[in-house]
Each structure stands twice: as structure tokens, then as C-alpha cells.
Amino acid sequence: MIDSSGDMDAELLPETRRALLHRLAVAQAEGRVPSAVGAVVRDGRTVWTGVRGGAVGPPGETGETEGAPTADTRYRIGSITKTFVAVLVMRLCDEGLLDLSDPLGGHLEVPAEAGDEVASATVAQLLSHSAGLAAEPRGPWWERTPGELRPETADLFGERPVRHPAGRRHHYSNLGYALLGSLVERLRGAPWHDVLREEVLDPLGMDRTTPLPGEPYARGWAVHPWADAVLPEPLADTGRMAPAGQLWSTARDLCRFAAFLAAGDDRVLGAESLARMRTPAVAPEAEAWDQAYGLGMQLVRSGGRLLAGHTGSMPGFLAAVWTAPGERLASVALANATSGLPVGGLAADLLGIVAEREPSFPEPWRPRSQADPELLALTGPWYWGPAAFALRVREGRALELVPVGGAGRASRFRPEADGTWTGLNGYYAGETLRVVRGTDGAVSHLDLGTFVFTRTPYDPDAPVPGGADPRGWRAG
């Protein structure tokens, strides 16, 4: 029983550190896993790490396993790999080499036997598991067998590679992410893990995240359900399926990745693109949803907050990374057992303990270094018919339109080179906001996807919708 918390934990109160370690200890004991590692990130820095258990190394002369994990011990992270692959795909989109609406067959040769439905699946559908593809590739069980059994992309497809109409529902597909990995390789001209190293891991300083393990690394175990005994799990290089769950990493490296997912890093991917990844891509089936999926990110509600990240599992391993960007918090949990520990819940609880006991301070308000007079002239109240809205200027000439009183459609807008703005979220996502001027050059109104916003309610001089009644406003 080891607590590996070090000097980096000094930022948290002793009571908070004890609560975190207690939660980890309970999870390790009740989950019956040989070892468990947890970590919490706040404001981009790791503020706590903890370890419980041991038995992560190879068997010694006595037959018992040796070694105790640290924050630098590699664990297999399973489907968290998918989020890394999604970041690579989003980078291609940001560079203009790919569009989320592009069909897979427009960039990657899809075997004829896979069918037109696979070739026509879009990049966004593959990222969000809404392409309708089968959950798994052609057998045998890919997580426990060598990739040599599926040496080519064509070898991934079974008799029915498509199980649902594209775009209609979320259906988790490991096969889909294998195809996205092949897409990255095709457009970059290099193995996906080499691209990952160059474009993501090296810039973020993640030097212990690799497709195959290197010492020190935890061995994977299956724990007998009715006895305190363990069985070593196989370690297979899954080949073409590797983008779905191959990576190994450490708590320390995953904290760096979590900090990036929460705030962005222009060397890798900006905050705006990450926000798109955190947006539900397919409408959740339940109106009051508590789980959804974006573009390579799982979304869950826990403790009254929305978390974004991913969980992972492979034979012998469980892993989770969650972020709460609005609170500038993130968490990591790792274990070396096939099952038994609800790892996503553990990571969510670690984050929640810090959020509730030591909430993050908001960033201090600072005045903008420079204000554009023309933009300032656009700020303030605008009216969509009788409904009042406020227009605010944000950093980088971005705009934000919010209803006065809280009821109505709010959206943020990105400035474009042609002087317009593009909606980023909500009802107006993707719609164009234009400033319309009269013949004298003065601002007449705002045109937002054909909706007219004026400076006075139902301005009679506006093209639409003013002038409906020439008598105007009246009382009684």
C-alpha cells in the first residue's frame, strides 16, 4: 500500500489529499485490482498523484509478482487511443487536407467487398461512431490476437460491415477507428503512431506514451471472480486495429494530455477545435441525457458537471481521462486488471473531490489591450422582433450574442476574413452573421442566417420584420 504523492501535491490541502487517496484505496480494494494509479490536474498542472497496491512487474523467483507502480509506470490505455487519433484527424481538418463531411472513400481506398455504405461514411460519422459500422472487425477476438491475422485493411471487414443506417444513431465501432488510423497514414504518408509522435506526443512532452510497452510497465492481469488469484493476460500487437486501442502511457503523460484537452495548445490543436470535439455529434436518445459522444470524446454528466474525455480497456487494463474545461480540472485513473474497477467513475470522483473541496479560482478579469471602435459601436442591445439580445466583443474580434433575461438562442461567433462571423455553437452553429449598412454607410441591422436584429424592437425602417402596423407601438 503506497502513496506516491510528492512535492507536486503541496498545492492541495492535506484533507483533500487524504480524501483523494481514500477514494483510490477503496476503489483498488473493492475492485480487486493488483494496482491502481490516480492523478488530478488543475490549471494545467498535476496537483496530486496517488498509488495503491503493487504487483505490476514480472514474476520473481518466488512466483510472486514484483515492483510497485509510480506515476511513470506504463499502463495500457485502450480506447483513450481513439482520442489521440481523433486529434490527428482534426489537425488534418484544420489544415484543409480533410473536411468532416468528406466520405471515407474520397481519401482511402475501400475494398469493394466492404460496400458503398462504408466508402460513403463521412469522417465526422466515423469520429462519432455514427457511421453504422460493425462494432468489431472480422474475427478472431482482435484484442487478444496478433495483428498479423489482419495484415491489410480489406482483412478488417466481415460479412456485414454495416449494421445501421449512417448518421441515425451512435453505435460504438472499433472498426471505424481502425479506418481513421489508415486515413491518417494515407494523408500523412507515415505510420499513424509516427505521426502521433511528431505532431502530438513530442510537442506535449509525452515521452513515455508508446504503441508497445517499455520498462517499467505494469503487467496485465485477469482476477478470478471467486478467488483471490490472478492470471496473466496476453499482450498482442493488434496491427491494423491499433488505432482503436493500442497505446501505452503513464499517469504523468496522461496528465499532460488531459491539460491539453482541457485548454488546447496551438502547437497541437486549438481550443476551438477541441470545443467541437466536446460537442455531442449525434442527438442523445434521452431528452435529459447523461452520456453522449462527440468527435473522439465521450461526454458524461457526473456530480452536476459535464465531463469530456475517454475511458479505455484492453485485456489486463482499465483507464480513464476526464476533463472539466470550465473548471480547469482533469483527472486520470489507471489499473492493471481486465475488469472489476469502474474506472470512469473513479476518475470522475477524483475530479469531483477537488472541485468540491477546493474549487478553481476564475481567471482574473483584465481589460483588452486594444478595442476596435467599429466593433465597440456594434455592442450592446439588439432586438429580434420584441426579444432583447446583447452583443459582446470577445478576444480576437470574436462576438457573443446572448438573450437578455436568459431565455433565447445564444451563440458565439468566429470572425472571418471577409468581414462576417460564423456561429460556433447552439442554434446558429455554422450560420453567418453579417453587419448590414445603409447607403450612407451607417449600420442598418444585423443579418443572422436571414434573421434581422435591429437597435429598436420591430424597427419600422428595417426590411424585416418592422412596419407590420403603421400605427406602431401603443398602450391600452
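Trainee: What share of the 476 residues in the chain is buried?
Mentor: Buried residues account for 48% of the 476. Keep in mind that this is a predicted model.

Trainee: How many helices and strands does the chain have?
Mentor: There are 10 helices and 19 strands. The chain is as compact as a globular protein of that length, because its radius of gyration is 26 Å, close to the 23 Å from the globule rule for 476 residues.

Trainee: And what box do the C-alpha atoms fill?
Mentor: Roughly 95 × 60 × 40 Å, along the principal axes.

Trainee: Of the contacts between residues at least 6 apart in sequence, what percentage joins residues at least 24 apart?
Mentor: That is 59%.

Trainee: Surface next. What is the accessible area of the chain?
Mentor: About 22,400 Å², and carbon and sulfur atoms make up 52% of that.

Trainee: Charges, then. How many positive and negative side chains are there?
Mentor: The chain carries 46 positive and 59 negative side chains, with the centres of the two sets 4 Å apart.

Trainee: Why would any of them pair up?
Mentor: Opposite charges on side chains can pair when the charged atoms come close. In this structure there are 25 salt bridges.

Trainee: Start with Glu 358. Which residue does it bridge to?
Mentor: Arg 42, with 3.6 Å between the closest N and O atoms. Distant parts of the chain are linked here: Glu 358 sits in the loop between α9 (343-357) and α10 (373-376), while Arg 42 belongs to strand β1 (residues 35-42), 316 residues apart.

Trainee: Are those two buried or exposed?
Mentor: Both Glu 358 and Arg 42 are buried.

Trainee: What about Glu 95, what does it meet?
Mentor: Its side chain forms a salt bridge with that of Arg 188, at 2.8 Å from N to O. Glu 95 is in the loop between α2 (80-94) and α3 (116-120), and Arg 188 is in helix α5 (residues 174-188), 93 residues apart. Glu 95 is partly exposed at 43% relative accessibility, and Arg 188 is partly exposed at 23%.

Trainee: Where do Arg 256 and Asp 253 lie?
Mentor: Both are in helix α7 (residues 251-263), 3 residues apart, or about one turn of the helix. Arg 256 is partly exposed at 35%, whereas Asp 253 is buried, with a relative accessible area of 2%.

Notes. Residues numbered from 1 in each chain as written. Predicted model: local features only at pLDDT ≥ 70, side-chain atom pairs only at ≥ 80, totals over all residues. Heavy atoms only, no water. Helix = DSSP H or I, 4+ residues; strand = E, 2+ residues; numbered from the N terminus. Rg over C-alpha atoms; globule rule 2.2 N^0.38 Å. Buried < 20%, exposed > 50% of the residue type's maximum accessible area, 1.4 Å probe, protein only. Contact = heavy atoms within 4.5 Å. Areas by Shrake-Rupley, 256 points an atom, 1.4 Å probe, with all protein chains shown as cover. Lys, Arg positive; Asp, Glu negative; His and termini not counted. Charge placed at Lys NZ, Arg CZ, Asp CG, Glu CD. Salt bridge = Lys/Arg side-chain N within 4 Å of Asp/Glu carboxyl O.
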